[in-house]
Amino acid sequence: MNFTVKTKQNTLISIRNIYCIGRNYHAHAAELNSKVPKQPFFFQKSLPSLNTSNKFTIPKDREIHHELEVVILIQKNGEEIPVTKTDDYILGYGLGLDLTDREYQNELKRDQLPWLLSKSFQGSAIVSCFQGEKISEDFWLKINGSIRQKGNINQMIFSISEQISFLSGMLPLLEGDLIFTGTPSGVGPIQNGDELELGYGERTIHSLMVK
Ligand code: MG
């Protein structure tokens, strides 16, 4: 199987790993009654969860929550990247949804078990195409035309540079890795028939139908 994402120039990039930071916005940590971490922590989504299509099917009898996130595409291998050098390792910025089976995740959390399977079902790592410029305007998720989540990268607890530097200090980052950089508050369930739009400023950059 081929797991690729697209850049704005229509180049296909093969994806290696999908890393996600947890609790990176104060208001989101609070809405899940979670403590704000003192250092970044990460989990992974499976490669087959990658979804660049415009469709998502909810697994049977499950409640799936949206988590809107800025997603970083890594352009070259790197270890122990200093905070001041991380821009050299970014090929592109996109928006994505870290779709989550919240009930299952809460069960796993309660039993102090890894979250992997509550985050890795088919199609659960939604990503837009990737562009060279930073997403510095407010980014947002609309469901059926109304805004459900809105955030700005300047509200992050750990900046994108701090995330790349920290992660590359713990393991080698590879060309084609993706990093989901955390969700602002407003997470909630999606339903069959919902139309989702991901964008920033005045622009929609990805749309998705739940069916
Ligand atoms: Mg997330």
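This note goes through a predicted model point by point.

1. Basis. Residues are numbered from 1 along each chain as its sequence is written, and side-chain values use heavy atoms, with hydrogens and water left out. Because the model is predicted, local features need pLDDT of at least 70 and side-chain atom pairs count only at pLDDT 80 or more, while totals for chains, interfaces and linings use all residues.

2. Magnesium site. The magnesium ion has three protein donors, Glu67 (OE), Glu69 (OE) and Asp98 (OD), at 2.1 to 2.2 Å. Donors here are N, O and S atoms within 2.8 Å of the metal (3.2 Å for Na, K and Ca); water is not among the atoms, so sites may look incomplete. The spacing of the donor residues in sequence is E-x1-E-x28-D. Glu67 is buried at 5% relative accessible area, and Glu69 is buried at 1%. The terms are set as follows: buried is under 20% relative accessible area, exposed over 50%, and partly exposed in between (1.4 Å probe, protein chains only).

3. Open sheet. Strands S10, S7 and S15 make an open sheet in the order S10-S7-S15, with antiparallel pairing. S10 (100–101) and S15 (188–189) are the edge strands, each with a single partner, so one side of each has no neighbour in the sheet. S7 (residues 64–66) is joined to S15 by two bridges, and His66 has Gly188 as its bridge partner in S15. Two strands pair if DSSP finds at least two bridges between them. Strands (E, at least two residues) and helices (H or I, at least four) are DSSP runs, numbered from the N terminus.

4. Cavity. The whole structure holds one cavity of 30 Å³ or more. The volume of the largest cavity is about 120 Å³. Its lining has 18 residues, and those nearest the centre are Gly22, Arg23, His28, Glu67 and Trp115. Glu67 is also a donor of the magnesium ion. Helix H2 (residues 102–110) gives the most to this lining, with three residues. On a 1 Å grid over the protein atoms alone, a cavity is a set of points where a 1.4 Å probe fits but cannot get out; a pocket is an open set with protein on both sides within 12 Å along at least five of seven lines; lining residues have an atom within 4 Å of a point.

5. Gln105. This residue is in helix H2 and is buried, at 2% relative accessibility. The side chains of Gln105 and Arg102 make a polar contact of 2.8 Å. That term means a pair of N or O atoms within 3.5 Å; within protein, one must be able to donate a hydrogen and the other to accept it, and residues adjacent in sequence count only if both atoms are side-chain atoms. Leaving out residues up to four places away in sequence, Gln105 touches Thr100, Trp115, Ser118 and Lys119, where contact means heavy atoms within 4.5 Å.

6. Asn24. The loop between strand S3 (18–21) and helix H1 (26–31) holds Asn24, which is buried at 0% relative accessible area. Its side chain reaches the backbone oxygen of Thr181 at 3.1 Å. Beyond four places in sequence, the contacts of Asn24 include Gln155, Phe158 and Gly182.

7. Leu47. Leu47 lies in the loop between strand S4 (42–45) and strand S5 (50–51) and is partly exposed, at 25% relative accessible area. Not counting residues up to four places away in sequence, Leu47 touches Phe3, Ile15, Arg16 and Ile18.

Technical notes:
Points joined across faces, edges and corners; volume = space filled by probe spheres on them.
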